[in-house]
Amino acid sequence: MTGFAFDQHVLQQPDVVAALLDADLPALDPDRPVVFTGIGTSLHACRIAAAWTRIVTDGRVRPAAIDAHDLALNESVRPDDQVVVVSHRGTKRYPNRVLAAAREAGASTIAITGVGANDPDADVVVRTCPQEQASTHTVSYTAALVVLGRLVARAFDATGLAEALAEAPAAMRETLALPLPADAVDAVVSASPIIVTGTGLDAITADEAALKLKEGTYRWAEGLHTEFALHGTPAVFSSSMAAFLLRAEGDGDRTADLKGLLDALGATTLVVAEDGDVRFAATHPLTRPMVTVLPFQRLVSAAAVRLDANPDLTHLEAEPWASAIRAVQL
């Protein structure tokens with residue numbers, strides 16, 4: 001255990017998720033369009049929610065998951081839309097501009113944000129968890145996921161998703177108790193660049209994991225869909241890189257194909273799976289995003305110590321990053 005507040009937030013996640021399983025939530029209308037929107041980690045949560053909706057309705061409903069910047073500036077909100085805005089603190093410019101545009105259009109709005117945050121101008125505000133002291137967000141992500149999952153399950157009578165969400169805290173606790181392989185930490189510390197790959201829901205987790213690695217270790221990381229990683233991208237693969245390959249059933253053996261390619265180029269490859277080099281606990285396929293992200297969060301902390309990085313501060317402790325980052329209004 002390090003002295004990072006980040007670590008405490010990582011460990012809080014199963015309890016926070018469990019508590020939100022019983023929270024009072026609004027209801028989405030299954031017959032009206034749904035637009036999920038956010039930025040960064042919040043957008044990743046929105047993409048998961050949109051994917052859950054597609055999966056539990058067998059593709060009958062295909063909601064949008066749109067970056068709040070694009071939705072605010074370049075796209076339209078319609079009166080019959082249901083706009084779900086996810087924001088850790090509720091203070092960012094473009095999520096709030098989306099809420100304003102939705103109100104002007106006459107659309108209904110739900111804001112999912114942290115406790116004690118700014119009070120977003122939404123029809124309903126759902127509070128998830130106390131504000132994180134770490135700038136590398138973890139618990140607010142999984143908290144938003146369980147809220148989004150419950151909204152989707154209720155709207156589309158998806159008992160399978162509801163049951164899976166109820167089982168997620170146990171799988172999260174078990175995953176957090178698993179040993180973290182030293183060679184995985186070594187890979188983050190010494191390799192450059194780092195890629196994280198996955199298919200389906202895991203492809204979104206790959207993007208989230210790569211963002212955490214960048215924020216918390218100051219190492220360049222990129223999330224890629226496994227199939228995309230096999231097309232064109234191998235031109236820049238080399239023996240100096242490391243790859244964390246999220247493996248799931250139904251990937252057409254493409255994780256194995258990618259691993260073979262990377263091994264042939266001398267790259268460091270680690271399979272992330274229930275029985276992989278980096279492990280997580282068995283969980284329902286729908287709730288993998290709440291479980292498979294946890295080993296990456298723990299990797300961030302372990303590698304940050306060795307790299308003299310700080311996931312609480314995301315490089316705000318040093319210049320020129322502090323001045324440059326603070327000069328940009330988010």
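Mentor: Two strands pair if DSSP finds at least two bridges between them, and we shall apply that rule to this structure, which is a predicted model.

Trainee: How many bridges join strand β8 to β9, and in which direction do the two strands run?

Mentor: Pairing asks for at least two bridges, so the bridges between β8, residues 242-246, and β9 have to be counted. One place to look is Leu245, which stands opposite Val271 in β9. Between β8 and β9 the bridges number five, and the direction of the two strands is parallel.

Trainee: Is strand β9 mostly covered or mostly uncovered?

Mentor: A residue counts as buried when its relative accessible area is under 20%, and in β9, which covers residues 268-272, four of the five residues are buried. Strand β9 is therefore, by that cut-off, mostly covered.

Trainee: How many cavities of 30 Å³ or more does the search find, and which residues are closest to the centre of the largest cavity?

Mentor: The search of the whole structure finds three such cavities, and the largest holds about 60 Å³ of space. This largest cavity is lined by 13 residues, and the elements that give two or more of them are α2 (41-56), β4 (108-115) and α5 (139-155). By class the lining has five nonpolar, eight polar and no charged residues. The cavities number three, and the residues closest to the centre of the largest are Val86, Ser87, His88, Ser140 and Ala144.

Trainee: How many residues in the lining of the second largest cavity are charged?

Mentor: The second largest cavity has a volume of about 50 Å³, and among the residues that line it are Val85, Lys92, Leu99 and Pro120. Both α4 (93-105) and β4 give two or more residues to this lining. By class the lining divides into six nonpolar and five polar residues, and the number of charged residues is one.

Terms used
Residues numbered from 1 in each chain as written. Predicted model: local features only at pLDDT ≥ 70, side-chain atom pairs only at ≥ 80, totals over all residues. Heavy atoms only, no water. 1 Å grid on protein atoms, 1.4 Å probe; cavity = no way out; pocket = protein on both sides within 12 Å on 5 of 7 lines; lining within 4 Å. Points joined across faces, edges and corners; volume = space filled by probe spheres on them. Nonpolar A, V, L, I, M, F, W, Y, C, P; charged D, E, K, R; others polar. Buried < 20%, exposed > 50% of the residue type's maximum accessible area, 1.4 Å probe, protein only.
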